[in-house]
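Open the structure in your viewer and keep the selection tool at hand.

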Amino acid sequence: MYELQKEQLYWFESKLKENDNIKIVHGHYPLYTMGAYSQCRGLSKNLLPLFIKYKIKYYISGHE
């Protein structure tokens, strides 16, 4: 399962803190999948708490 490294999460959260206007986030892999990218299921565990904390409205993924 793919999980973000602590350094990546710290960087991402610092970017969210810098700009209160961010409401849309674009990522490479989907947060939830039952398809070919099932190894990425750990992303939702890492990112969803930040999305809730910083009120992210949309996440657009490059796959699926």
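## Stop one: Glu 13

Select Glu 13. Its relative accessible area is 17%, so it is buried, the cut-off being under 20%. Bear in mind that this is a predicted model.

Now show what surrounds this residue. Which residues does Glu 13 touch, leaving aside its neighbours within four places in sequence? Leu 50, Lys 53 and Tyr 54 are in contact with Glu 13.

## Stop two: helix H1

Extend the view along the chain. Glu 13 lies in helix H1, which runs over residues 6-18. H1 is built of 13 residues. From its first C-alpha to its last, H1 spans 18 Å, close to the 18 Å expected at 1.5 Å a residue.

Next, colour the buried residues of H1: Leu 9, Phe 12, Glu 13 and Leu 16. Why do they fall on the same side of H1? They cover an arc of only 95° around the axis, so they share that side.

## Stop three: the rings

Go back to Phe 12, one of the buried residues of H1. Select Phe 51 and Tyr 59 along with Phe 12: ring pairs link them into a cluster. How many aromatic pairs does a search of the whole structure find? The search finds two.

Zoom in on the pair of Phe 51 and Tyr 59. Their centres are 5.6 Å apart, and their planes make an angle of 40°. That pair counts as tilted.

Tyr 59 is partly exposed, at 22% relative accessible area.

## Stop four: the whole protein

Zoom out and switch to a cartoon view. The protein has two helices and two strands. Follow the sequence and the pattern reads α-β-α-β.

Colour by burial next. Of the 64 residues in the protein, 31% are buried. Then show the surface. The accessible surface comes to about 4800 Å², and 57% of it belongs to carbon and sulfur atoms.

Finish with the contacts. Take those in the protein with a separation of 6 or more: 76% of them join residues 24 or more positions apart.

Conventions:
Residues are numbered from 1 along each chain as its sequence is written. This is a predicted model: local features need pLDDT of at least 70, side-chain atom pairs count only at pLDDT 80 or more; totals for chains, interfaces and linings use all residues. Side-chain values use heavy atoms; hydrogens and water are left out. Helices (H or I, at least four residues) and strands (E, at least two) are DSSP runs, numbered from the N terminus. Buried means under 20% relative accessible area, exposed over 50%, partly exposed in between (1.4 Å probe, protein chains only). Contact means heavy atoms within 4.5 Å. Rings of Phe, Tyr and Trp (its six-membered ring) pair if their centres lie within 6.5 Å; planes under 30 degrees apart count as stacked, over 60 as edge-to-face and the rest as tilted. Accessible areas come from the Shrake-Rupley method with a 1.4 Å probe; for residues, only the protein chains shown count as cover. The expected span of a helix is 1.5 Å times one less than its number of residues. The arc is that of the directions from the helix axis to the C-beta atoms.
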